[in-house]
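Please consult the sequence and the structure shown below while reading.

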Amino acid sequence: NLTALIFGSLFFDSKESNIIYKNSIFKLEKELRTQILADGGHEERSVSYHILMLDRLVEIACLIRIHKKNEIKLLEKKIINMYIWLEKVRSKYEILPRFNDNLYQNPEVVDEILRFTLSFINHKNYCKKGTRYQLIESCNFTNKTKNITINKSIIDYGILDLPDTGWFVLKPNKDWYLTFKCGESCPKHLPAHVHSDILSFDLFYK
């Protein structure tokens, strides 16, 4: 709802629209501090919600840059953290954990959102076409290309502890992929979203 209010306010030039914009940014920053966990995951512990939220936040960050010539530092920081989290939990087989309200994610769609996000982070357009491509182009990035550093070996293989999300991700080699749920099931203020799946796991071989 807040991203929709920000989106709408950007297309008007009035006292009222400016008030809506400032109030919505203030509330969005508050929600980002709550909803985006310290390890980069989303509080719902659902990869589907995480991807949807990341896509929307990058879109809003682009529109703010285009229309306000401005950067929201907290928003950009959370986008980076969410991007790194998603890269970590994804396997080389393009599998994603299926805990909580999570649908199977089309690898092509996920790849497109990852490219969109990295384009915004690095100030370089990796998108191929469509609205996301146009948004990045319209940002008119003029400063030098940024590059975030991710430990590639940890993404490809290794044991990842995501303490705030409450997951372990084990990628011992190119054949095995295991995710283990051992933390909180849901945000404490959203008990209706809980799932009875603590200590459950996904295990994939090839």
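Contact here means heavy atoms within 4.5 Å. The model is predicted, so local features require pLDDT of at least 70 and side-chain atom pairs count only at pLDDT 80 or more, while totals for chains, interfaces and linings use all residues. Residues are numbered from 1 along each chain as its sequence is written, and side-chain values use heavy atoms, with hydrogens and water left out.

Helices (H or I, at least four residues) and strands (E, at least two) are DSSP runs, numbered from the N terminus. Cys62 belongs to helix α3. Leaving aside neighbours within four places in sequence, Cys62 is in contact with Phe116, Phe120, Leu135, Ile136 and Cys139. Is Cys62 buried or exposed? Cys62 has a relative accessible area of 0% and is therefore buried; buried means under 20% relative accessible area, exposed over 50%, and partly exposed in between (1.4 Å probe, protein chains only). The C-alpha atoms of Cys62 and Arg132 are separated by 9.4 Å, although these residues are 70 residues apart along the chain.

A crossing is left-handed if the near helix is turned anticlockwise from the far one by less than a right angle, and right-handed if clockwise. The axes of α3 and α6 come within 9 Å and cross at roughly 35°, and this crossing is left-handed. On the α3 side, Asp55, Glu59, Cys62, Leu63 and Ile66 take part, and they meet Arg132, Leu135, Ile136 and Ser138 of α6. By class, this contact has five nonpolar, one polar and three charged residues. In this classification, Ala, Val, Leu, Ile, Met, Phe, Trp, Tyr, Cys and Pro count as nonpolar, Asp, Glu, Lys and Arg as charged, and the others, Gly among them, as polar.

Helix α3 also packs against α5, at an angle of about 35° and with the axes 10 Å apart. The crossing of α3 and α5 is left-handed. From α3 the contact includes Ile51, Leu54, Val58 and Cys62, and from α5 it includes Val110, Ile113, Phe116 and Phe120. The contact of α3 with α5 has nine nonpolar, one polar and three charged residues.

Ser119 lies in helix α5 and is buried, at 0% relative accessibility. Not counting residues up to four places away in sequence, Ser119 touches Lys124, Asn125, Tyr126, Cys127, Ile136 and Phe141.

**Aromatic rings**

The structure holds six aromatic pairs. Rings of Phe, Tyr and Trp (its six-membered ring) pair if their centres lie within 6.5 Å; planes under 30 degrees apart count as stacked, over 60 as edge-to-face and the rest as tilted. One of the pairs joins Phe7 and Phe11, which are tilted at 40° between the planes, with 5.3 Å centre to centre. Phe7 is partly exposed at 36% relative accessibility, and Phe11 is likewise partly exposed at 46%.

The planes of Phe120 and Phe141 lie at 65° with ring centres 6.0 Å apart, so this pair is edge-to-face. Because Phe120 lies in α5 (residues 107–122) and Phe141 in the loop between α6 (130–138) and α7 (152–156), the pair ties together parts that are 21 residues apart in sequence. Phe120 and Phe141 are both buried. Elsewhere, ring pairs link Trp85, Phe99 and Trp167 into a cluster.

**Loop residues**

Leu10 is located in the loop between α1 (2–9) and α2.

Most residues other than glycine have a negative phi. Arg45 is found in the loop between α2 (15–35) and α3, and Leu199 in the loop between β3 (176–181) and β4 (201–205).

| Residue | Relative accessibility | Class |
|---|---|---|
| Leu10 | 9% | buried |
| Arg45 | 6% | buried |
| Leu199 | 54% | exposed |

Technical notes: Axes are lines fitted to C-alpha atoms, for helices over the stretch in contact, and angles run from 0 to 180 degrees between N-to-C directions.
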